Amino acid sequence: MGEPSSSLLIAVADAGPLIHLEEIGQLPLMTLFDKLLLPDAVWDEAVVNGSVPRASLEQLPCLARTSAVESEVLRFIQANSLNDLHRGERESLFVCSQQSIPLLLTDDLAVRDAAKRLGLTPVGSLGVIVRAFRCGRLTKFAAEQCLRDLQSVSSLFVTPAIVEMAIEQLHRGPTQP
């Protein structure tokens, strides 16, 4: 008998973590999620704009693209004062809300703030690396290197202090699923 669906780890992704993990060769870590929903606008931002190779995303068995009705997204954006966000960010928040998915993968601070206001849990690229370590997908050494690579190799803007805080989490042991 399979696990109940409530135990599945489902997330919606914004383009940032896809781009940044691809830049450090760690996009396959997205398979930590049982299902990863990708709104069409995020696909466009990541793939059509050339930041993430289509083949890299298509190799993720957990990936499911999703479409949103533009008029519904616009009503959601207006109702929640999210006009300053980009199309992919808006669609990601909308899909989380529409499908009752509490986990949003994003590296953008404004989107993280909006997600929290909407009762969602934002997780960034650094959080994905920490989760990969806690799930046994990365050794502590490899996870530390990935965290440092996010700062030095990827286009993610992250301060050394934030990277060190994430490394401290690796040393604390598991505190989240």
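Axes are lines fitted to C-alpha atoms, for helices over the stretch in contact, and angles run from 0 to 180 degrees between N-to-C directions. Helices (H or I, at least four residues) and strands (E, at least two) are DSSP runs, numbered from the N terminus. The model described here is predicted, so local features need pLDDT of at least 70 and side-chain atom pairs count only at pLDDT 80 or more, while totals for chains, interfaces and linings use all residues. Residues are numbered from 1 along each chain as its sequence is written, and side-chain values use heavy atoms, with hydrogens and water left out.

We can begin with α7 and its partners. The axes of α7 and α9 come within 10 Å and cross at roughly 20°. The two helices are therefore roughly parallel to each other (angles under 35 degrees count as roughly parallel, over 145 as roughly antiparallel, 65 to 115 as roughly perpendicular and the rest as oblique). On the α7 side, Leu 126, Val 130, Phe 133 and Arg 134 meet Ile 162, Val 163, Ala 166, Gln 169 and Leu 170 of α9, where contact means heavy atoms within 4.5 Å. Sorted by class, this contact has seven nonpolar, one polar and one charged residues (Ala, Val, Leu, Ile, Met, Phe, Trp, Tyr, Cys and Pro count as nonpolar, Asp, Glu, Lys and Arg as charged, and the others, Gly among them, as polar).

Helix α8 (residues 140-152) also packs with α7, at an angle of about 175° and with the axes 9 Å apart. α7 and α8 are therefore roughly antiparallel to each other. Here Ser 125, Leu 126, Ile 129 and Phe 133 of α7 touch Lys 140, Ala 143, Cys 146, Leu 147 and Leu 150 of α8. The contact of α7 with α8 divides into seven nonpolar, one polar and one charged residues.

Now for the largest pocket, which has a volume of about 560 Å³. On a 1 Å grid over the protein atoms alone, a pocket is an open set of points where a 1.4 Å probe fits, with protein on both sides within 12 Å along at least five of seven lines; lining residues have an atom within 4 Å of a point. Grid points are joined across faces, edges and corners, and a volume is the space filled by probe spheres set on the points. Of the 22 lining residues, the closest to the centre are Arg 112, Gly 124, Leu 126, Gly 127 and Ile 162. α7 gives the most to this lining, with six residues.
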